[in-house]
Amino acid sequence: MSATAELATTQEILEQEILENFIFPPGDLYSDEPPVETELHLRQIILLFNCLEWLWRDRNNFYAAGNLTIYYSPKQLKSKDFRGPDFFVVLGTERKTRKSWVVWDEEGKYPNIIVEILSPKTADTDKNFKKQLYQDTFRTHDYFWFDPETLELAGFHLVDGEYEAIAPNESGHLRSQQLDLSLGICGGKLRFFTAEGELVPTPQEVAEREAQRAGQEAQRAGQEAQRADRLAAKLRELNIDPDTI
C-alpha cells in the first residue's frame, strides 16, 4: 500500500472515530450535552480533534474529546454538577473511547486544557461562568476561547490558582504549556502549531502533500529521462554508441 493510500485509510478511520465520539460516544454515563451551535462550530471542534489525534497517533496516554459531558459531582451524582466543554484534553490517562468523562471514575482527573468555541448565545457564559468554573473547580491549567465569526482568540494559564492571560508570540499564537503546542488562526480556523511554529496538519493535508511530492518526483524523473534520450540521440548523430560510454 502506498503512503498516500495508507494516509487516506487512516483519515477514514479517524473520521469514523470522530463520528463515534461526537454522535454516538460509548461509556457508562452518556453525554448530556446539547447539539453544537452550528456546522461551523462542529467543523472547528473536529478540526482540533483530528489534528491532535494525528499528531499524537503513537501516544496512548491522553484523551481528547469534544462536546462531551464532564461529570464532577463530589457526591458522584450525574443529575448535577456536569458541564460539556467544546473541546478538551486530559493527559496521563488511557486513550480509549468513552461515553462521557466521569471524574470519580478517572482518578479525579480533570482536563489539562479546554477550548470553548464562542457563539452569541454562549460567549458571556464562556467568558465568565465557565472561566471561573475551570479556574476554581476544574483547576484546568490552560483555557482558551475562540470565536469562529470574529476570529477573537484568548488564552489563560493557571498561575497560583488564578488565570493569567497568555501573551501571543511574534506570530500571534498562544502557547499551551500542557500540550507543548500553540494555538493560532490559519485560514480563518483555529489550528495547532508546533514549538517551531509549524502548522499541525490534518491527515488529509498530509496525504495531499505526499501526493503532490510524489507527482513532483515523477515529473522530475520524466524530465531526466527525456534529457537522457535527447543526449543519446545526439551521440548517435555523431556515430557514438551511448551504450558504450
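**View 1. Confidence of the predicted chain.** The mean pLDDT of the protein chain is 84, and 75% of its residues reach 70 or more. This is a predicted model. Over residues 18-27 the pLDDT stays under 50, and the model has 24 contacts beyond four places in sequence for this stretch.

**View 2. The open sheet of 6 strands.** The strand order is β1-β4-β6-β7-β8-β9, and the pairing is mixed. Strands β1 (62-65) and β9 (162-165) form the edges, each pairing on one side only. From one strand to the next, the twist averages 15 degrees.

**View 3. Pairing of β8 with β9.** Strand β8 covers residues 153-159 and pairs with β9 in the antiparallel sense over 4 bridges. Within this pairing, Phe156 has Ala165 of β9 as its bridge partner. Strand β9, residues 162-165, is an edge strand of its sheet.

**View 4. The open sheet of 3 strands.** Its order is β10-β11-β12, with antiparallel pairing. Both β10 (174-176) and β12 (189-193) stand at the edges with a single partner strand each, so one side of each is left without a neighbour in the sheet. Neighbouring strands are turned against each other by 35 degrees on average, direction ignored.

**View 5. Pairing of β11 with β12, and helix α2.** Strand β11 (residues 181-186) runs antiparallel to β12 and is joined to it by 5 bridges. Opposite Leu183 stands Phe192 in β12. Helix α2, residues 39-55, lies across β11 and β12 and runs at about 10 degrees to β12.

Notes. Residues are numbered from 1 along each chain as its sequence is written. This is a predicted model: local features need pLDDT of at least 70, side-chain atom pairs count only at pLDDT 80 or more; totals for chains, interfaces and linings use all residues. Side-chain values use heavy atoms; hydrogens and water are left out. Two strands pair if DSSP finds at least two bridges between them. Helices (H or I, at least four residues) and strands (E, at least two) are DSSP runs, numbered from the N terminus. Axes are lines fitted to C-alpha atoms, for helices over the stretch in contact, and angles run from 0 to 180 degrees between N-to-C directions. pLDDT is the predictor's confidence in each residue, from 0 to 100. Contact means heavy atoms within 4.5 Å.
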